[in-house]
Amino acid sequence: MLQYPQIDPVAISLGPFAIHWYGLMYVVGFVAAWWLGRRRAHRLGLTHDDIGDLIFYAAVGVVLGGRLGYALFYGSGQWLADPLWLLRLWEGGMSFHGGLVGVLVAAWLFARKKRLGFLSLTDFIAPLVPIGLGAGRIGNFINHELPGRVSELPWAMPFPHMGPEPRHPTALYEFALEGVVMFAVLWWLSREPRRTGLISGLFLLLYGVFRFAVEFVRLPDPHIGFIAFGWVTMGMTLTLPMMVAGAALIGWSRRQSVDEPKQQAQTRSQKGT
């Protein structure tokens with residue numbers, strides 16, 4: 001079996017101030033999304049400054065939604081016992097599903113401000129997200145979060161403070177699937193204009209399938225346990241609607257027109273074609 005790498009969760013310590021790897025992973029995600037978004041800004045007729053504004057909207061949505069979602073779905077008891085815990089983001093504890101809701105609200109506000117189609121904007125955003133998801137899972141791994149169930153696989157490893165039994169490194173599984181695979185698929189497919197809603201639907205479906213699968217080897221939260229049947233977890237419960245919505249959106253997109261870049265559509269309109 002492998003040994004769990006001993007990485008200090010604190011990346012940089014400056015006197016009483018500490019910068020944690022977990023927080024830096026969010027910075028990596030936002031910077032990557034900003035850089036990638038600038039490369040395709042012309043598709044929506046946006047400027048590079050607009051992309052900066054979009055990332056700011058999304059960052060606020062991720063942080064507020066992710067933290068509140070975690071407190072609601074996973075940590076209500078901890079929140080009630082220690083209200084200031086909600087502000088200690090560097091300790092981990094962010095919900096993807098809550099963050100997704102936060103980003104959708106932010107996207108709706110930004111689309112309304114810029115007079116963009118909501119799904120056109122989410123199709124634009126979806127390929128920018130997986131790098132941040134992957135980076136966040138690396139942060140989870142450094143923080144010793146998301147332990148897997150006991151396994152005899154050669155890459156299993158004992159988690160700190162959980163005994164000598166080797167376990168699935170589920171944070172690394174999610175890094176590979178939600179980060180690397182999803183980015184490769186969505187970025188490649190979106191290289192050309194697609195039917196409205198297709199990329200957004202694929203994002204929801206792929207994440208849902210990957211997360212649902214990993215939940216079978218991921219240890220459920222000890223204060224929640226299994227929700228039903230001795231195997232259904234909270235993650236599965238929250239992810240199932242994503243898969244349904246993603247599949248429905250993909251089906252709906254088949255009846256839509258190709259979402260042309262805004263500048264190209266304007267040119268075609270001016271030519272009367």
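The following dialogue discusses how to read several features of a predicted model.

Trainee: How many helices and strands does the chain have, and in what order do the elements run?

Mentor: The secondary structure comes to ten helices and four strands. From the N terminus on, the order is β-β-α-α-α-α-α-α-β-β-α-α-α-α. Of the 273 residues in the chain, 45% are buried. Among contacts with a separation of 6 or more, 70% join residues 24 or more positions apart.

Trainee: Which spans does the UniProt record annotate as "transmembrane region"?

Mentor: The unreviewed UniProt entry gives residues 12–34, 54–74, 94–111, 118–138, 171–189, 196–214 and 226–252. In the model, residues 12–34 are 61% helix and 30% strand, with their end C-alpha atoms 24 Å apart. For residues 118–138, the figures are 81% helix and 0% strand, and the end C-alpha atoms lie 31 Å apart.

Trainee: Which residues of the largest nonpolar core touch the most other members?

Mentor: A nonpolar core is a set of buried residues joined through side-chain atoms within 4.5 Å. Here the largest such core has 17 residues, and Leu46, Leu116, Leu121 and Phe124 touch the most other members. Two or more residues each come from helix 1 (21–39), helix 2 (48–73), helix 4 (96–114) and helix 5 (118–125). Apart from this core lies another, of 15 residues, which includes Leu133, Leu204, Tyr207 and Met242.

Trainee: What is Leu121 in contact with, beyond its neighbours within four places in sequence?

Mentor: Leu121 is in contact with Leu44, Leu54, Ala107, Phe110, Ala111 and Leu116.

Trainee: Why is helix 5 described as largely enclosed by the rest of the structure?

Mentor: Helix 5 is largely enclosed because six of its eight residues are buried. These are Ser120, Leu121, Thr122, Asp123, Phe124 and Ile125. Their cover includes helix 1, helix 2, helix 4 and helix 8.

Trainee: At what angle do the axes of helix 4 and helix 8 cross?

Mentor: The axes of helix 4 and helix 8 (residues 198–214) cross at roughly 170° and come within 13 Å. The two helices are therefore roughly antiparallel to each other; the cut-off for that term is an angle over 145 degrees. Helix 4 brings Phe96, His97 and Leu100 to the contact, while helix 8 brings Phe203, Leu204, Tyr207 and Arg211. Sorted by class, the contact has five nonpolar, one polar and one charged residues.

Trainee: Which residue does UniProt list for "binding site", and is that residue buried or exposed?

Mentor: The unreviewed UniProt entry lists Arg137. Arg137 lies in helix 6 (residues 130–142). Its relative accessible area is 11%, so Arg137 is buried, the cut-off being under 20%. Leaving aside neighbours within four places in sequence, Arg137 is in contact with Leu146, Ala171, Glu174, Phe175, Glu178, Tyr207 and Arg211.

Trainee: Where does Ala11 lie, and what does Ala11 touch?

Mentor: Ala11 lies in strand 1 (residues 10–14). With 26% relative accessibility, Ala11 counts as partly exposed. Not counting residues up to four places away in sequence, Ala11 touches Ile19, His20, Trp21 and Leu24. Ala11 and Tyr22 are eleven residues apart in sequence, and their C-alpha atoms are 8.9 Å apart in space.

How values were computed. Residues numbered from 1 in each chain as written. Predicted model: local features only at pLDDT ≥ 70, side-chain atom pairs only at ≥ 80, totals over all residues. Heavy atoms only, no water. Buried < 20%, exposed > 50% of the residue type's maximum accessible area, 1.4 Å probe, protein only. Contact = heavy atoms within 4.5 Å. Axes fitted to C-alpha atoms, helices over the stretch in contact; angles between N-to-C directions. Parallel < 35°, antiparallel > 145°, perpendicular 65-115°, else oblique. Nonpolar A, V, L, I, M, F, W, Y, C, P; charged D, E, K, R; others polar. UniProt positions renumbered as here; feature names shortened; annotations may be inferred.
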